[in-house]
Structure formats: C-alpha cells, structure tokens
Amino acid sequence: RDAKKGNPKSQYVVGSMYYQGQHVKKNYAKAAYWYERAAKQGHCDAQYDLGIMCKNGQGIPKDEKQAITWLEMASDQGAVSAQYDLGIMYYNGQGVPQDHKQAIYYYELAARQGYGKAQTAIGLLYIDGVTRPKDYKQAAAWFEMAASQGDPSGQYNLGLLHEKGFGFPQNYTEAARCYKQAAKKGDTDALNSLGFLYYNGKGVDKDLIISYALFSIAYDSGNK
C-alpha cells in the first residue's frame, strides 16, 4: 500500500520481494519496475540493484549505458558496491569507452571505504603492470588490507606472493595461512594452492589425504 503511494523504501522492499521470490512468485520484470520507481526518488540501494539488472538484462533489456547511469547515481551516494562495479565496467569498457584512469578512480573510492574487493583489484593492477608500474610491495600492501577485510581473493593473492617470494621473502608457512583463510570461504584457487602445499609438504606437514581432499573440493566447485 505504501509502495503504491510512492514511498521509496516500500517500493524497494516490494522490488526485493519480487527479485528474491519472497512471499510472491519471483518476477524480475516486476522487481525492475518497483526498483525504478524507488531509484527515481533517490533510493541508493534501488539505484544499485537496478543498475545491475540493466547490466545483466534481468527483467529488462540489457543496457550497459543505462547501467552506468544508475550505478553512478548510487556511487554518488557512497555505495561501495556501485563504485567497485563501475571500476570493473570502466576497466573493461562496458557501456563506456575503456578508461583505466576512471576505473582506478572508482576502485580507489571503494577501497578508501574499506571495500575488500576493490582493494584486491588495486593490488592486481600493481601486478599486471598495465596501468601503473609493476610493484609487488604495493600489491602486497593492498592485498593485506583486503585480507584484513576478509576478502578471499585478497587472502589468496597475498598467499601467492608469500609462496613465490614476490614483495616478501619466500615463506610457505605464511602462504599456507593465507590460503587456509581463503579456502574456508570456498576460493578454488586457494583450495588448489593449499592442496599443492600439502602434497609437497611446504609450509605444512606433508599429507596426501588432505591434499587430495582439497583438490576434490576445488574440482567439485568447478575448478577443473
């Protein structure tokens, strides 16, 4: 009732119910309809969710340019997820001309708010050396921040630097510790890497049973 009267919070709740199929049959088109009504009134979460639906073509025609518009509105209100997704889209040239500087701008907006995925993304930029000089110590610093936020990709990449001796003296024990953190969250790269450490007895006691178990979990997760 409040949604029909124009209350943006209620409109967003109704949209979420249709999106998730809570108490109603799942219907992405109706979710997009209610999200758009809330988004036009400045509801930040609605702007973000509608942007993602535009990007993916859920319930509405796929429109990456329109996705950028909604995500930028959410970003202007400080939504870290929107800032991170904008970074990805500018980096890949989705809905906008490819612009690495703008991608970094959005990654850094989210990273400064403690968003682990964005911190990992910046760390990876220092490894690929495409947008800035390759610098493993800087990469390690960003991965450490991401890992402290619980981001499994940051934990995995931090472990990888420890294992390879990039940015740190080589330390298999530290690598195993980081891989274990990420593996607990289901990160398949970490599961495989930790499996190899157990297989070779590096940083952990050699244990083929644990090794094969980790490989099996990674395989079942789709990492073939």
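Analyst: Helices (H or I, at least four residues) are DSSP runs, numbered from the N terminus. This is a predicted model, where local features need pLDDT of at least 70, side-chain atom pairs count only at pLDDT 80 or more, and totals for chains, interfaces and linings use all residues. Residues are numbered from 1 along each chain as its sequence is written, and side-chain values use heavy atoms, with hydrogens and water left out.

User: Which helix gives the largest share of the lining of the largest pocket?

Analyst: H7, with 6 residues. Helix H5 (80-92) and helix H7 (116-128) each supply at least two residues of that lining.

User: What lines the largest pocket?

Analyst: The lining residues are Tyr84, Tyr91, Tyr107, Lys117, Thr120, Ala121, Leu124, Leu125, Asp128, Asp151 and Ser153. A pocket here is an open set of points on a 1 Å grid over the protein atoms alone, where a 1.4 Å probe fits, with protein on both sides within 12 Å along at least five of seven lines; lining residues have an atom within 4 Å of a point.

User: New topic. At what angle do H7 and H8 pack?

Analyst: About 165°, with the axes of H7 and H8 (residues 136-148) 8 Å apart. Axes are lines fitted to C-alpha atoms over the stretch in contact (heavy atoms within 4.5 Å), and angles run from 0 to 180 degrees between N-to-C directions. H7 is therefore roughly antiparallel to H8, a label for angles over 145 degrees.

User: Which residues of H7 and H8 meet?

Analyst: Among them, Thr120 and Leu124 in H7, and Trp142 and Phe143 in H8.

Technical notes:
Parallel < 35°, antiparallel > 145°, perpendicular 65-115°, else oblique.
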